[in-house]
Amino acid sequence: WAVLLLVHLLLLYFVVTRRSRSKNDPPLDKGLIPWLGHALEFGQDAAKFLSRMKRKHGDIFTVRAAGRYVTVLLDPHSYDPVIHNQDSLDFHRYAQVLMERIFLLQLPNYQPDKEKAVMKQHFLGKNLSALNSTVSKHMHNLLKTEMPQNQKDWKEDGLFNLSYSLLFKVGYLTLFAGEQSSDSSHLAVVYEEFKKFDGLLTKLARGTLKSADEKKTAQSVRQRLWRLLAPAALTGGLGSTPWLDGYRQVLKEEGADDEMQARALLLQLWATQGNVGPAAFWLLGYLLTNPEALAAVKTEMEALRLPPLDSSVSTPVLDSALDETLRLTAAPFITREVLQDTPLHMADGQQFVLRKGDRLCLFPLISPQMDPEIYQEPQKYKFNRFLNEDGSVKKDFYKGGKRLKYYNMPWGAGLNGCMGKEVAITTLKQFTYMILTQYDLELCNPRAQIPAVDVSRYGYGMVQPEGDLLVRYKPKK
């Protein structure tokens, strides 16, 4: 009887959850495995899977993944109606799912608009200059400590480790530690624990931690980071920053107790520091493996009268090299929950209805960023791709004969775009400037190539390399 009951329940489940395509739906691809659908292939290599679906179905389609139906839109001409629709397409619900799944964070009275206002106050406008100056100060001090000017011999390191560790520490001191501590041992411990956590982040997000050891490691490293962040979360004055004070006040208004405040700070630590270090690695890595690009950037830097502390210092060659780096390696999903049946008018005239309860996903890495119709040889790094022949910034890119509004989207777009974009860009430019003007930096193996991408990181900001790129450095004479 138990077996018979189970069979009947399974049959009932499949009848209730069975879905077929109606005339207003995008193409539907449920996969061969009931309930699971395409979840495994989607999670293993999203770019490869979604490119295959695009070739099969076109610029819009719906796939089943672990019981959810996800509509994927890959036509950048049609992104605007999604990005600017806040009434029926919700950003915050999925964000809350990830907050709980990755960070075990639950805010009783979640107020995303207030959080955004605090970010805007401290990362944009009149406070941006002060923040950039603080970044510059910490970067200068850390370089003196970790890459001392009295060093005479070449020192070897992995470029990813070098870039990530230095910029993580700069960001941590700037936003979390204030003047409290630049103690190198404390910074090293926070970074090492953070790297362990970051290594498990995509599995936490997808709920695919496999072994008991992995689950135990994830929990223990989160607990250690909560303890390390607790002083910054719970004390004012020394050991705090203006941004941190403002954010803590919002957390209190959201009903977060001391434990939840520490968890929220881990979320912000990852959100603010999880992408800049990897981006610096890719930028320097592409420059070192492309001698023409490195020479052009160095020539521009040598002509500067002032370091690039903000956008007032013109660096079109470095800007193009950075934009090209981000085109190749920035791979976030732009995700929305569909709150009600929503019509979608595509730029090519097609019309569809997004179903209530589905999830909508844009993946700009595939289009526009790696679209061969927009970029010639999209897999290739071309440092001057975003420059016109006269050296001015190139902003005109086309698809289907129409000029694109969205031709490169490493920072997202619209009201939910990255609030820290300007700080991140300035940090990357300052770091590149300091490294290339104050140090001799070269590949240990002159014929080394840029490492392959860790495809499991697709969807969560900057991708990371499968391996490292061995470099050596010493201060310039």
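Author: Helices (H or I, at least four residues) and strands (E, at least two) are DSSP runs, numbered from the N terminus. Residues are numbered from 1 along each chain as its sequence is written, and side-chain values use heavy atoms, with hydrogens and water left out. Because this is a predicted model, local features need pLDDT of at least 70 and side-chain atom pairs count only at pLDDT 80 or more, whereas totals for chains, interfaces and linings use all residues.

Reader: In what order do the six strands of the open sheet lie?

Author: Two strands pair if DSSP finds at least two bridges between them. On that basis the order is β1-β2-β3-β9-β6-β4, with mixed pairing, and the edge strands, each pairing on one side only, are β1 (28-29) and β4 (89-90). Within this sheet, β6 (residues 334-338) and β9 (residues 359-362) run antiparallel and are joined by four bridges; Ile 334 has Leu 362 in β9 as its bridge partner.

Reader: Which strands does helix α5 lie across, and at what angle does it run to β6?

Author: Axes are lines fitted to C-alpha atoms, for helices over the stretch in contact (heavy atoms within 4.5 Å), and angles run from 0 to 180 degrees between N-to-C directions. Helix α5 (residues 92-103) lies across β4, β6 and β9, at about 110° to β6, while helix α3 (residues 46-57) lies across β1, β2 (60-65) and β3 (68-73), at about 130° to β2.

Reader: How are the three strands of the other open sheet arranged?

Author: In a regular strand the side chains alternate between the two faces of the sheet. The three strands follow the order β5-β13-β12 with antiparallel pairing, and β5 (155-158) and β12 (439-443) are the edges. The twist averages 30° from one strand to the next. Five bridges join β12 to β13 (residues 470-475), where Leu 443 stands opposite Val 471 and Asp 440 opposite Lys 474. Four bridges link β5 and β13, and Glu 156 has Arg 472 as its bridge partner.

Reader: Which residues are closest to the centre of the second largest pocket?

Author: On a 1 Å grid over the protein atoms alone, a pocket is an open set of points where a 1.4 Å probe fits, with protein on both sides within 12 Å along at least five of seven lines, and lining residues have an atom within 4 Å of a point. The second largest pocket has a volume of about 840 Å³, a volume being the space filled by probe spheres set on the points, which are joined across faces, edges and corners. Of its 32 lining residues, the closest to the centre are Asp 323, Trp 411, Lys 421, Glu 422 and Ile 425. The elements giving two or more residues to this lining are α15 (316-329) and α17 (421-438).
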